[in-house]
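Take a look at the chains below. This short report walks through their strands, their contact and their salt bridges.

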Amino acid sequence: MYALVDCNNFYASCERVFNPILQQKPVAILSNNDGCVISMSDEAKVLQLPFGAPIFKWEGFCKANNISVLSSNYPLYGDMSARVMKILEQFSPDIEVYSIDEAFLQLKGFENYNFSDYGTQIRSRILQWTGIPTCVGIAPTKALSKVANKIARKFPKETDGVYVIDSDEKRIKALKWTPLKKVWGIGYRLEKRLAAKGCETAWDFTQLSDNWVLKNFSITEWKLKKELEGVPKIELENEVSSKKSIATTRSFESTFSDIDNIKERVSTFAVSCAEKLRKQHSSCHMIIVVLSSDRHKKDSEQHRASKTVVFPYPTNSTLLISKAAVNAAKSMFKKGIKYKRAGVIVTGLVPTDNHQLGLFLHENPKHKPLMIAIDHLNTKFKADKIKLGNQDLKRTWKMRQERLSPKYTTNINDIILVT
Amino acid sequence: MSTKTPKSLTFFTPKSSDSKGAVFIDTGISAGFPSPADDFRETRISLDEELITNKEATFFAKVSGQSMIGAGLDDNDLLVIDRSIEPTNNKIAVCFLDGEFTVKRLRVENDEVWLQPENPNYPIIKITEENDFIIWGIVTNVVKKL
């Protein structure tokens, strides 16, 4: 059996733990740079605030409906997530952290357990220890545990946040209730193609023949079908896999139409990517730099461009990556455009210690110790003390976070005050 | 199966106290005599270990005000709060009461909950149905700067 534990409205729930006045109130959390709504409490959902709503358009609506709007506080969410995952490890040795707010637990050898009780135990321990409400779905396969979780979430009164699919009768009922697009791994395109075949629910999908699915789709969809039938085909991925690409993409705090500001931003994003690369001991083969104007300003001229730069050898040197990114940005830059957003994506990642050495070209050996020294200093002094010459020294991470809550668990100056 | 990977997010993890003040023993493989102290080396005393029994459920708060001076909680003291401990009579708890965090001694009698300050200048508070009340966590330690 597998359990899927999912934190309810995770970001909003984290905020509520340290600011309980927000309990039972509508709360919305904004994306990086206070762009659009990415998480909200049930109360805000009831008011029909849409996900992805750009806040500048919905400000009035939020005010009128008393929705508390907050910037995203990733240091807080990251810490709360780590706590939740650590607690989950007490319930099973086999756990796959699926995202910041959900994890699969394999319950092998738990056959004599009362799964419903076990799920309740998981829920109440996480709630008591961290203050985060969760839902638990338990079923014979990962895909079904996702379905069970959705049921637990949808019917809190009937299920108390825990739902177990442990019979064929329950499985069929659950699949008939689940619209196809809500099934784990069914994307928009697949849904459209299956809808053309007359599939509306997860149950309809399982009624197709194995052969037809294999012929028209791929092994992935067939595995999913088997999973929904109750046959485990998707295993737990419990090794921490390094990311396949790393991106730092941000909106600027205002629009820029001069190259100097853009160079500074792109360099800063490149520096951040290079740091993340070194943190996971990877090097990249290439980078993609993107630049775009403000798409919300329909009246001014639009320009979106991206450029790929391939390195002759994999690198994680801040110097090389930043130089390449700035050059790419320079070559894309057009005069007269008001730019609003840029990004650096590093991809083609390989482990730093076992990549193939180039025959003629290799990295300047001075870079590696320099990077180690920079990382060390920047960790020790907590901020980006060492920067490149083309970065602005006064400018720190220029995220717009006007409604940021304190870093309650990661900064001693931000802890709660009690009278 | 495609997995969701947040593209541009790196999550900060709190500084782990896994090191526990441990000492890296490195006498190498050089010839000569190893340090006679090596066999007797122990892990350094760690305040984290002394003050925190359940890392995942432990949070910190700062005291503001005098209401608990009798229990040794002075203004600006650091509180170690363990949310996993069952709130029972006589424990010192951080509570959320009508919009504010407060630290008081819990008095549980029959079905009644009282919040008792440890300073004669402050009144004892009876919790009623009207109150917006949460017991947030139990105070296990107080750290004070001298």
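## A sheet across two chains

Which strand of chain A do three bridges join to β1(B)? It is strand β13 of chain A, residues 416-418, and the two strands run parallel. Here A:V418 stands opposite B:V63 in β1(B). Two strands count as paired if DSSP finds at least two bridges between them. The strands themselves are DSSP runs (E, at least two residues), as helices are (H or I, at least four residues), and both are numbered from the N terminus.

This is a predicted model: local features need pLDDT of at least 70, side-chain atom pairs count only at pLDDT 80 or more, and totals for chains, interfaces and linings use all residues. Residues are numbered from 1 along each chain as its sequence is written, chains are lettered from A and ligands numbered from 1 in the order in which they are written, and side-chain values use heavy atoms, with hydrogens and water left out.

## Where the chains meet

Chain B gives 39 residues to the contact and chain A gives 42 residues. Contact means heavy atoms within 4.5 Å. Together the two chains bury about 3700 Å². Carbon and sulfur atoms hold 63% of that area. Buried area is the accessible area (1.4 Å probe) that two parts lose on being put together, summed over both.

What about polar links? There are 14 residue pairs in polar contact between chain B and chain A, both residues at pLDDT 80 or more. A polar contact is a pair of N or O atoms within 3.5 Å; within protein, one must be able to donate a hydrogen and the other to accept it, and residues adjacent in sequence count only if both atoms are side-chain atoms. On the side of chain B that touches chain A, the elements giving two or more residues are β1 (58-63), β2 (78-82), β3 (92-97), β4 and β7 (133-143) of chain B. β1(B) gives the most, with six residues. By class, this side of chain B has 19 nonpolar, eleven polar and nine charged residues. In this count, Ala, Val, Leu, Ile, Met, Phe, Trp, Tyr, Cys and Pro are nonpolar, Asp, Glu, Lys and Arg are charged, and the others, Gly among them, are polar.

## Strands within chain B

β7(B) pairs with β2(B) in the antiparallel sense over five bridges. B:D82 stands opposite B:I138 there. β7(B) also pairs with β3(B), again antiparallel and over five bridges. In that pairing, B:V94 stands opposite B:G137.

Next comes a hairpin. Strand β4 (residues 100-109) of chain B runs antiparallel to strand β5 (residues 112-116) of chain B, joined by five bridges. B:V108 faces B:V113 across the pair. Two residues lie between the strands, and B:N110 in the turn has a positive phi of about 50°. β5(B) is also joined by two bridges to antiparallel strand β6 (residues 125-126) of chain B. There, B:L115 has B:I125 as its bridge partner.

## Salt bridges

How many salt bridges does the structure hold over all chains? The total is 20. A salt bridge is a side-chain nitrogen of Lys or Arg within 4 Å of a carboxyl oxygen of Asp or Glu. One joins A:E43 and A:R16, at 2.8 Å from N to O. A:E43 sits in helix α2 (residues 42-46) of chain A and A:R16 in helix α1 (residues 10-18) of chain A, 27 residues apart. Across the interface of chain B and chain A, the rule finds zero salt bridges.
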